[in-house]
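Please look over the sequence and the 3D structure shown here before reading the report.

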Amino acid sequence: MHVLLVEDDDGVAVPLAHGLQREGHGVDRARTAAEALFEFGRNHVDLVLLDLGLPDGDGLDVCREIRAISDVPLIILTARDGEPQRVAGLDAGADDYVVKPFGVGELAARIRAVARRSAGPGKPSIVNLVGPTGRLVIDHQAGTISLDGQPLDLSPKERGLLVLLAQDPGRLFARQEILERVWSPTWYGPTKTLDVHVAALRRKLGDAGWIETVRSGGYRLISEASCTDA
């Protein structure tokens with residue numbers, strides 16, 4: 001597997017990376033939240049190992065950002081022990097929660113277990129939708145979104161919004177549901193931010209007809225035809 005290791009402490013990251021490589025995994029490392037999101041968007045990643053105490057932010061926010069755009073397996077590695085912390089990590093979208101210190105052997109076993117679960121039945125790996133400006137293809141395994149063969153340059157929130165709407169074309173997603181699933185389960189900010197992202201996404205899709213606004217309701221994706229590949 002290709003692993004993204006998000007850990008700012010060299011004393012933890014270096015031996016852990018070597019241990020994972022001995023297990024046969026490829027490892028890329030990020031030291032900050034910003035670097036983690038950049039590396040995740042740039043490279044193919046099969047699994048994320050995420051520390052929570054990052055120098056430029058909380059790893060829980062990184063977890064939510066990644067989960068908004070991808071179902072890639074994610075394991076939190078942290079010194080934060082206690083039920084409230086574990087609940088917060090799992091609610092943010094983590095597949096497992098490992099408290100430091102831990103052995104590489106245990107972590108490798110947890111990686112195998114998470115990989116087995118993620119390989120089970122679930123949503124299709126590729127979604128094809130036909131709309132006003134052509135064929136939209138969302139490849140969850142590769143982490144790419146393209147329109148008529150051209151990659152779309154989307155922000156993490158735009159990607160998360162589009163992936164959510166594409167899960168069920170034609171279904172009306174309430175504004176609050178979108179904010180809770182793409183932004184945060186405890187989102188209390190202005191709902192105007194959703195409108196701004198929808199407008200930006202419409203521009204990048206090349207036609208406002210892709211996303212319908214339902215007054216006092218929410219948004220839905222309009223597709224003339226769709227198909228999925230397992």
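## Basis of the report

This is a predicted model, in which local features need pLDDT of at least 70 and side-chain atom pairs count only at pLDDT 80 or more, while totals for chains, interfaces and linings use all residues. Residues are numbered from 1 along each chain as its sequence is written, and side-chain values use heavy atoms, with hydrogens and water left out.

## The chain as a whole

The chain contains eight helices and 15 strands, where helices (H or I, at least four residues) and strands (E, at least two) are DSSP runs numbered from the N terminus. Its radius of gyration is 18 Å, which agrees with the value near 17 Å that a compact globule of 230 residues would have; the radius is taken over C-alpha atoms, and the globule rule is 2.2 Å times the number of residues to the power 0.38. Along the principal axes, the C-alpha atoms fill a box of roughly 50 × 35 × 30 Å.

Of the 230 residues, 43% are buried, where buried means under 20% relative accessible area, exposed over 50%, and partly exposed in between (1.4 Å probe, protein chains only). Among contacts in the chain with a separation of 6 or more, 56% join residues 24 or more positions apart, a contact being heavy atoms within 4.5 Å.

Helix H3, which covers residues 59-69, is largely enclosed by the rest of the structure, because eight of its eleven residues are buried. The buried residues of H3 include Leu60, Val62, Ile66 and Arg67.

## Two loops with backbone features

Aspartate 148 is found in another stretch, the loop between strand E10 (144-147) and strand E11 (150-151); its phi is near 50°, a positive value in a residue other than glycine.

## Two buried residues

Threonine 78 lies in strand E6 (residues 74-78) and is buried, with a relative accessible area of 2%. Although threonine 78 and leucine 52 are 26 residues apart along the chain, their C-alpha atoms are separated by 5.9 Å. Beyond residues up to four places away in sequence, threonine 78 touches Asp51, Leu52, Tyr97, Val98, Val99 and Lys100.

Histidine 197 sits in helix H8 (residues 192-205) and is also counted as buried, with a relative accessible area of 18%. Once neighbours within four places in sequence are left aside, histidine 197 is in contact with Ser155, Lys157, Glu158, Leu161 and Trp183.

## A partly exposed threonine

Threonine 213 has its place in strand E13 (residues 211-214) and counts as partly exposed, at 45% relative accessibility. Not counting residues up to four places away in sequence, threonine 213 touches Arg202, Gly218 and Tyr219. With the side chain of arginine 202, the side chain of threonine 213 makes a polar contact of 2.7 Å; a polar contact is a pair of N or O atoms within 3.5 Å, and within protein one must be able to donate a hydrogen and the other to accept it, while residues adjacent in sequence count only if both atoms are side-chain atoms.
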